[in-house]
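Open the model in your viewer and keep the selection panel handy.

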Amino acid sequence: MTSQDDTPQQSGRTSPLHDAHAAAGASFTDFAGWQMPVRYSSDLAEHHAVRTAAGLFDLSHMGEIVLIGPEAGVALDYALAGKLSALAIDQARYSLLLSRSGGIVDDLVVYRTGEDRYLVVANAGNREIVAEELRDRTAPFDVEVYDESDDIALIAVQGPASLSILLATPGFTVEDGEFADRIAALKYYRSIPAEFESHQVLIARTGYTGEDGFELYLAPDEARTLWDALLEAGAEQGLVPAGLASRDTLRLEAGMPLYGHELGLDTKPASAGLGRVVNLAKETDFVGRAASEEGPDPESRVLVGLIGEGKRAARAGYPVLAPGIDGDDATIGIVTSGALSPTVGVPIAMAYVAPRYARPGTELHVDVRGTRLPFTVAALPFYSRKTTSPRKDG
């Protein structure tokens, strides 16, 4: 990811919070056609803030597609790999949009926001593809599909102080009860409709950092007011604005795949460790079912974690090598994401390797710019809220 200065020559779409980022001194990068903040101060400081206190992220580049109608649930059951009709109102679920050959078109979070209403959150670069696929796949059902991405801004508060920061922010209300009671009781992967200064906001206890946190969906015109209010309320608790660079190292430590790195059209869910997301037990057919039942080739590479020593990181695209083997036969995999972990203090990476080399504890090498460095296969995630120690076994 390359940072860019905020100059008039930049092209691409901008977030409704762009002026706030520029005023805070953010550096920007092009991400899926958007100019988004990559960092404000330093990647390391923002990363540590999320692990120890909280970070505030602008995710307004994400895609939001709404399905409304009496057959919205069964339509999604056909379109996606999970059984979304089984969601309770206000519940969310991680799911996959598969191709007919079983590859991953996109990974999504789906919220059931009403009896006949669902919100599908797609990756920014796949927004149009997902909207088109959902329209096509749900055409036989009694449901309407609306791409509401341009009408929704998304702000995320992530970190151990995120709940107390929301509670300290004035202006939130809910219809049925006290906001403090309802938000404190909100379970992971659940959402609640609320208001902020009389404007609608959907608050979900979800995130992409491995920490407790909340994602807030609201109208773009109201985003700046909420952003400023959260920063003011969280200042004493260590809240800082955080960019895409820290978001990437946070999700890597948490073992969360990124589309275009760990996931793609050539990736089968089982190879990526996401076989459980494909619900083969549901009675109805779904796009990609036949290919999913066949499963990936037994020799297909599988996703693993890697932990190294020293300070040299394995980056995306670096070859993974079998020790003791030279030449072309030595390459048994490829790194998809890698960094020097700010939390555990060692190089970590995710990589696809041949199945025979996938057992935790297996010693491998990574070609880091011409030098073979030792790495050990590790169980994912590298970091969880309960432990910050590198994991080298199952």
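Colour the chain by secondary structure: there are nine helices and 21 strands, where helices (H or I, at least four residues) and strands (E, at least two) are DSSP runs numbered from the N terminus. This is a predicted model, in which local features need pLDDT of at least 70 and side-chain atom pairs count only at pLDDT 80 or more, while totals for chains, interfaces and linings use all residues. Residues are numbered from 1 along each chain as its sequence is written, and side-chain values use heavy atoms, with hydrogens and water left out.

Stay zoomed out for a moment. Along its principal axes, the C-alpha trace spans about 65 × 50 × 45 Å. Of the 394 residues, 55% count as buried, that is, under 20% relative accessible area with a 1.4 Å probe, protein chains only.

Next, select residues 43-52 (helix α2) and 244-253 (helix α8). How do the axes of these two helices cross? They come within 8 Å and cross at roughly 50°, with axes being lines fitted to C-alpha atoms over the stretch in contact and angles running from 0 to 180 degrees between N-to-C directions.

Now show side chains for D43, E46, H47, V50 and R51 of α2, and for A245, S246, T249, L250 and E253 of α8. These residues make the contact, meaning heavy atoms within 4.5 Å.

Note on methods. Buried means under 20% relative accessible area, exposed over 50%, partly exposed in between (1.4 Å probe, protein chains only).
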